[in-house]
Amino acid sequence: MASLKKLFTEKSLSIEDLSYLSRLLKTNLSLKQSMDLLKNRKNAGIFEEITGQLDQGFLIENVMKDYLPVPIRACASTLLGHLSFNDALSISLRIYEEQQENRNGLFSSIAYPCILLFVTISALYLFDLYGIDTIFSLIVSFDADIGLYQDIRMIFRIVIRSVYYLILAGTLAVIYFIQPRRIVLLYLFLSEHFPNSLLSVYYSEEFMSLLLICIEHGYKTREAIGILKDMKNRPVISFLAFHLDESLMEGETMKEAVHKKYYDSSLSRFIKIGNYTNDFTQIVSSYIRMAKQKIRQRMKRYTLTIQLSTYAFIGAIIVFIYQVLFMPMQAISMY
């Protein structure tokens with residue numbers, strides 16, 4: 001009961017508040033001055049609680065953990081163990097923005113055709129459940145042959161159930177693999193049997209993006225890898241950072257370290273160019289842009305395949321329903 005009460009009374013700052021706070025802190029204003037400038041009706045109480053705890057001598061790193069919004073809390077909590085509050089907040093916000101951009105890019109492209117397919121299948125299911133039997137009963141009363149239409153109806157039923165089973169299986173798979181250890185096992189399986197899969201490119205790009213964010217904040221490559229390795233809330237990123245750090249500790253070069261099945265194969269080629277040009281940051285930025293373009297192209301191809309399949313299925317449904325709806329008239333004219 002106490003945990004339930006805490007859930008409903010828990011307060012947190014908004015992403016917008018934290019974004020403005022981070023920008024003000026970069027202007028060398030103190031934390032208290034920045035909070036005073038940002039106070040409004042919604043966040044005044046939270047800022048006053050934070051100020052009160054700071055006045056009692058608590059460290060900002062410990063105080064702010066309780067007031068961070070869920071989307072960045074786990075990430076920021078990890079970073080606060082390594083970095084100052086200002087750096088941890090800035091990097092957490094950049095990571096959140098990067099994550100949102102990647103997810104929005106993926107889901108926005110695939111959502112429409114998937115929703116269209118689901119709605120189409122559902123509409124056909126309802127028509128099969130409530131409409132076709134009435135029409136068939138009327139046709140049978142005129143001694144008309146509906147054997148062909150019954151066969152087509154059976155095919156549609158098989159397709160409908162197959163799609164629903166696939167949706168159910170996909171939902172259960174997401175629920176199962178959402179656990180940190182299981183998602184890493186899934187990533188290992190795909191890396192082993194499907195090298196350069198979309199998931200491999202996606203996580204390699206995300207890993208290098210987060211690494212670059214840390215480097216741009218003044219941390220050396222090995223320090224940035226250590227930070228990402230401790231991000232247990234991002235298990236695949238932590239896994240990639242762990243193996244990269246382990247390879248570097250064994251004396252391998254960065255190019256050799258990323259030339260493994262866990263990473264996108266094109267990454268090592270970019271690292272090799274970076275070694276020659278002595279401009280690691282710029283080369284990594286080029287890889288990130290290339291990987292994002294590759295992801296967009298693959299998603300476009302997958303989306304087009306789903307759309308064409310859906311449109312073809314809709315066309316077949318329209319023809320079938322058209323024939324079924326006109327069957328009573330045909331039967332009456334023959335009678």
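Asp55 is exposed, at 52% relative accessible area; exposed means over 50%, buried under 20% and partly exposed in between (1.4 Å probe, protein chains only). Its partner is Lys32, and the two side chains meet in a salt bridge. That term requires a side-chain nitrogen of Lys or Arg within 4 Å of a carboxyl oxygen of Asp or Glu. Asp55 sits in helix 4 (residues 44-55) and Lys32 in helix 3, 23 residues apart. Lys32 is partly exposed, at 36%.

This is a predicted model, in which local features need pLDDT of at least 70 and side-chain atom pairs pLDDT 80 or more, while totals for chains, interfaces and linings use all residues. Residues are numbered from 1 along each chain, and side-chain values use heavy atoms, without hydrogens and water.

The whole structure holds nine salt bridges. Three of them are tabulated here.

| Pair | N to O distance |
|---|---|
| Asp55 and Lys32 | 2.4 Å |
| Glu192 and Lys261 | 2.4 Å |
| Lys229 and Asp245 | 2.9 Å |

Glu192 lies in helix 10 (residues 180-193) and Lys261 in the loop between helix 14 (254-258) and helix 15 (265-277), so this pair ties together parts 69 residues apart in sequence. Helices are DSSP runs (H or I, at least four residues), numbered from the N terminus. Glu192 is partly exposed at 45% relative accessibility. Lys261 is partly exposed at 42%.

Lys229 belongs to helix 12 (residues 221-229) and Asp245 to helix 13 (residues 235-249), 16 residues apart. Lys229 is partly exposed at 23%, whereas Asp245 is buried at 12%. Shared partners join Arg222, Lys229 and Asp245 into one salt-bridge network.

Definitions and conventions:
Helix = DSSP H or I, 4+ residues; strand = E, 2+ residues; numbered from the N terminus.
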